[in-house]
Amino acid sequence: MTGPRIEIFTDGACRGNPGAGGWAATLRHGDRERLVTGAEPHTTNNRMELTAAIEGLSALNGARRVRLTTDSEYVRRGVTEWIGRWKANGWKTASKTPVKNRDLWERLDRAAGPHDVEWVWVKGHSGHADNERVDRAANAAIDDMLRESAQS
């Protein structure tokens, strides 16, 4: 795959676990940037982390070279280490239990499929500017959802 690399920074947030959750992804190509966000009233932090990666990748047009940065070891290790075994084992873990969040893992696998993705982990809440921005955006998505539901 050729062409310039797209940078994607993702994060998920949850108020309670489970609880109200939000996700955010920033897509950057050169000096152009796009933010996508969303929220759900009842979810988990892991589901929001997965959703942020899915939505970030799904926002791309055509097959691209991507560096996706996340503060979720669950997402990074899941997609780079575990998913192949899960699929080979009929979506069962090493202990023969069903994989949690299978629906989102399958969506992430499909979303990443056409792209050449480099998965990068950064420590959350450690001052990484782009990670801090998507963290704020994920939390703002929760605030917006809660505000809208309170007005309904």
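Is H125 buried or exposed? H125 is exposed, with a relative accessible area of 60%; exposed means over 50% relative accessible area, buried under 20%, and partly exposed in between (1.4 Å probe, protein chains only). The model you are looking at is predicted, so to speak of local features a pLDDT of at least 70 is needed, side-chain atom pairs count only at pLDDT 80 or more, and totals for chains, interfaces and linings use all residues. Residues are numbered from 1 along each chain as its sequence is written, and side-chain values use heavy atoms, with hydrogens and water left out.

**Backbone features in the loops**

H125 lies in the loop between strand 5 and helix 4 (129–151). Helices (H or I, at least four residues) and strands (E, at least two) are DSSP runs, numbered from the N terminus. The phi of H125 is near 55 degrees, a positive value in a residue other than glycine. W91 also has a positive phi, near 60 degrees. W91 sits in the loop between helix 2 and helix 3, and it counts as buried at 10% relative accessibility. In the loop between strand 1 and strand 2 you will find P18, which is joined to N17 by a cis peptide bond with omega of about 15 degrees.

**The nonpolar cores**

A nonpolar core here is a set of buried Ala, Val, Leu, Ile, Met, Phe, Trp, Tyr and Cys residues joined through side-chain atoms within 4.5 Å. The largest has 30 residues, and I8, L57, L68, W105, L108 and W119 have the most contacts inside it. Two or more residues come from each of strand 1 (5–16), strand 2 (19–29), helix 1 (45–58), strand 4 (65–70), helix 2 (73–88), helix 3 (102–112) and strand 5 (116–121). Helix 1 gives the most, with 6 residues. A second, separate core of 9 residues includes A20, A24, A138 and I142.

Contact means heavy atoms within 4.5 Å. Leaving out residues up to four places away in sequence, W119 touches A53, L57, L68, V75, R76, V79, T80, L108 and A112. T10, in strand 1, is buried, with a relative accessible area of 0%. With that sequence limit again, the residues T10 touches include A24, A53, L68, D71, N131 and V134.

**How the helices pack**

Two packed helices are described by the angle between their axes and the distance between the axes. Axes are lines fitted to C-alpha atoms, for helices over the stretch in contact, and angles run from 0 to 180 degrees between N-to-C directions.

| Helix pair | Angle | Axis distance |
|---|---|---|
| Helix 2 and helix 3 | about 95 degrees | 11 Å |
| Helix 1 and helix 3 | about 25 degrees | 9 Å |

Helix 2 is roughly perpendicular to helix 3, while helix 1 and helix 3 are roughly parallel. Angles under 35 degrees count as roughly parallel, over 145 as roughly antiparallel, 65 to 115 as roughly perpendicular and the rest as oblique.

Helix 2 meets helix 3 through Y74, V75, G78, V79, I83, W86 and K87, facing W105, L108 and D109 of helix 3. This contact has 7 nonpolar, 1 polar and 2 charged residues; Ala, Val, Leu, Ile, Met, Phe, Trp, Tyr, Cys and Pro count as nonpolar, Asp, Glu, Lys and Arg as charged, and the others, Gly among them, as polar. In the contact of helix 1 with helix 3, the residues divide into 9 nonpolar, 2 polar and 4 charged.
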